[in-house]
Amino acid sequence: MAAQETVVLSGHIIDSLILAKVLDTILMTGGTFDLEEVSIGKTRNESSRARIVVRARSAKLLSDILRAIQPHGASVEGDSDCQYRAAPADGVFPEDFYATTHLPTQVRLAGQWIDVEGMEMDLGIAEERDVFSFMESQVSAERPHGHIIADVAKRMQQLREGHRAGKDGCKVLVAGGPAIIHAGGRDALTWLIDEGFVHVLFCGNALAAHDMEADLYGTSLGYGLSAGRVVPHGHEHHLRTINRVRGIGSIEKAVETGVIKQGIMASCVRRRVHVVMAGTIRDDGPLPGVITDSVTAQAAMRATIPGVGLALLVASTLHAVATGNLLPATIPTVCVDVNPAVPTKLADRGSFQAVGLVMDAASFLRDVARELGAPA
């Protein structure tokens with residue numbers, strides 16, 4: 001039995017290709033559509049709107065199509081109150097629960113739309129769930145690197161001023177991998193931290209270990225950063241670094257006692273940057289302060305998200321995806337990696353607001369620092 005439903009899209013749906021994605025999803029899922037109305041914004045800041053009649057050969061297929069296009073912001077025009085049921089057990093949702101995106105979300109109860117607080121990706125909505133409507137979301141389209149980097153630097157400048165003035169929502173988050181050290185971005189990130197442009201750092205055991213290895217031995221994973229070659233017995237340096245810091249007791253004490261003098265971790269300690277180090281099963285050591293329980297690490301990361309106004313995900317696939325899952329879609333996000341699969345994976349996971357830059361970490365960090373006044 002044929003079924004149909006009218007949905008509405010609004011926002012920057014043309015330049016972000018959201019409208020095209022929704023129409024393609026409808027066809028690929030086995031449905032058809034009629035575009036009943038398309039209103040295109042006349043300026044860059046003006047939003048567009050589309051009204052689409054979705055048709056399917058069965059009510060079940062129609063439901064599947066609507067579920068598939070919801071993450072793109074398509075809302076059913078005929079609104080109704082949400083359905084909700086008691087959880088069958090502690091920590092368990094009903095079988096047909098709504099799995100959240102990170103987009104701003106509302107649910108309708110007793111004829112009123114209520115904002116869902118603490119939006120994250122891949123969760124459930126407690127007590128109120130299911131039929132809902134997306135609020136407007138803006139999805140950034142990729143532009144040439146220079147323009148994006150200039151925009152990032154400008155936003156970081158504004159956020160630093162706001163943070164110094166005590167305004168909320170002005171923290172800059174960097175989630176980074178050890179390639180920052182290997183590729184030569186250590187000095188640029190250190191400068192950004194020293195100058196007050198970075199307030200939260202998410203990383204693993206490796207970034208911290210190789211950053212401090214560079215301070216103690218001048219190497220990163222045994223590779224001489226100045227010499228430009230592998231040094232004798234260099235493969236031991238990160239292990240000796242981890243062992244030395246473990247003997248001291250903490251990274252903070254290693255900095256305070258002058259054992260670790262310069263670099264990213266030293267600057268984080270001195271500038272009181274909030275650092276969350278999440279470990280993995282392959283870590284050496286690990287360093288003191290690395291959280292080895294993934295659930296505890298996720299909770300620690302989640303606790304720092306409030307107040308973040310910009311997220312830079314640099315050279316770390318796992319941290320980029322993990323951080324993207326925790327970020328509301330309202331937080332501007334830039335994902336930087338030499339591997340184009342990383343920003344693509346992030347977008348596929350649903351981080352629609354993330355702008356992807358396919359470039360090496362060192363070049364990105366140096367260019368941003370230069371825009372903000374770092375010496376050449």
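Start with the salt bridges, of which this predicted model has 8, counting a side-chain nitrogen of Lys or Arg within 4 Å of a carboxyl oxygen of Asp or Glu. Side chains of opposite charge can pair when their charged atoms come close.

Select arginine 49 and glutamate 37, whose side chains form a salt bridge with an N to O distance of 3.2 Å. The pair links distant parts of the chain, with arginine 49 in strand 3 (residues 48–56) and glutamate 37 in strand 2, 12 residues apart. Helices (H or I, at least four residues) and strands (E, at least two) are DSSP runs, numbered from the N terminus. Arginine 49 is partly exposed at 30% relative accessibility, and glutamate 37 is partly exposed at 31%. Buried means under 20% relative accessible area, exposed over 50%, and partly exposed in between (1.4 Å probe, protein chains only).

Next select arginine 67 and aspartate 64, a salt bridge of 3.3 Å, N to O. The two are separated by about one helical turn because they are 3 residues apart in helix 2 (residues 59–69). Arginine 67 is exposed, with a relative accessible area of 51%, whereas aspartate 64 is partly exposed at 28%.

Go on to arginine 240 and glutamate 236, where the closest N and O atoms of the salt bridge are 2.8 Å apart. Arginine 240 is partly exposed at 46% relative accessibility, as is glutamate 236 at 23%.

Residues are numbered from 1 along each chain as its sequence is written. In this predicted model, local features need pLDDT of at least 70 and side-chain atom pairs count only at pLDDT 80 or more, while totals for chains, interfaces and linings use all residues, and side-chain values use heavy atoms, with hydrogens and water left out.

**A buried glutamate**

Select glutamate 213 in helix 6 (residues 205–217). Glutamate 213 is buried but has no salt bridge, and the nearest side chain of opposite charge, that of arginine 186, is 9.6 Å away.

The side chain of glutamate 213 does make a polar contact of 2.9 Å with the side chain of histidine 210. A polar contact is a pair of N or O atoms within 3.5 Å; within protein, one must be able to donate a hydrogen and the other to accept it, and residues adjacent in sequence count only if both atoms are side-chain atoms. Beyond its neighbours within four places in sequence, glutamate 213 has contacts (heavy atoms within 4.5 Å) that include Gly218, Gly234, His237, His238 and Thr241.

Not counting residues up to four places away in sequence, leucine 207 touches residues including Pro178, Ile181, Ile264 and Met265.

Now colour helix 5 (residues 186–194), in which 7 of the 9 residues are buried. Among the buried residues are Arg186, Trp191 and Ile193. Their cover includes helix 3 (145–164), helix 4 (179–182), helix 6, helix 9 and helix 13 (361–371). After helix 5 comes glycine 196, with a positive phi near 85°.

**Threonine 304**

Move to threonine 304 in helix 10 (residues 294–304), buried at 3% relative accessibility. A polar atom of its side chain lies 2.8 Å from the backbone oxygen of methionine 301.

**Backbone geometry**

Most residues other than glycine have a negative phi, and most peptide bonds are trans. Select leucine 17, where phi is positive, near 65°, in the loop between strand 1 (3–11) and helix 1 (18–28). Arginine 272 also has a positive phi, near 60°; arginine 272 is in the loop between helix 9 (264–270) and strand 12, exposed at 76% relative accessibility. For a cis peptide bond, select glycine 285 and proline 286, with omega about -10°. Proline 286 sits in the loop between strand 12 (274–278) and strand 13 (290–291).

**The whole chain**

Zoom out to the chain, which has 13 helices and 16 strands. Of its 376 residues, 47% count as buried.

Key
Lys and Arg count as positive and Asp and Glu as negative; His and the chain ends are not counted.
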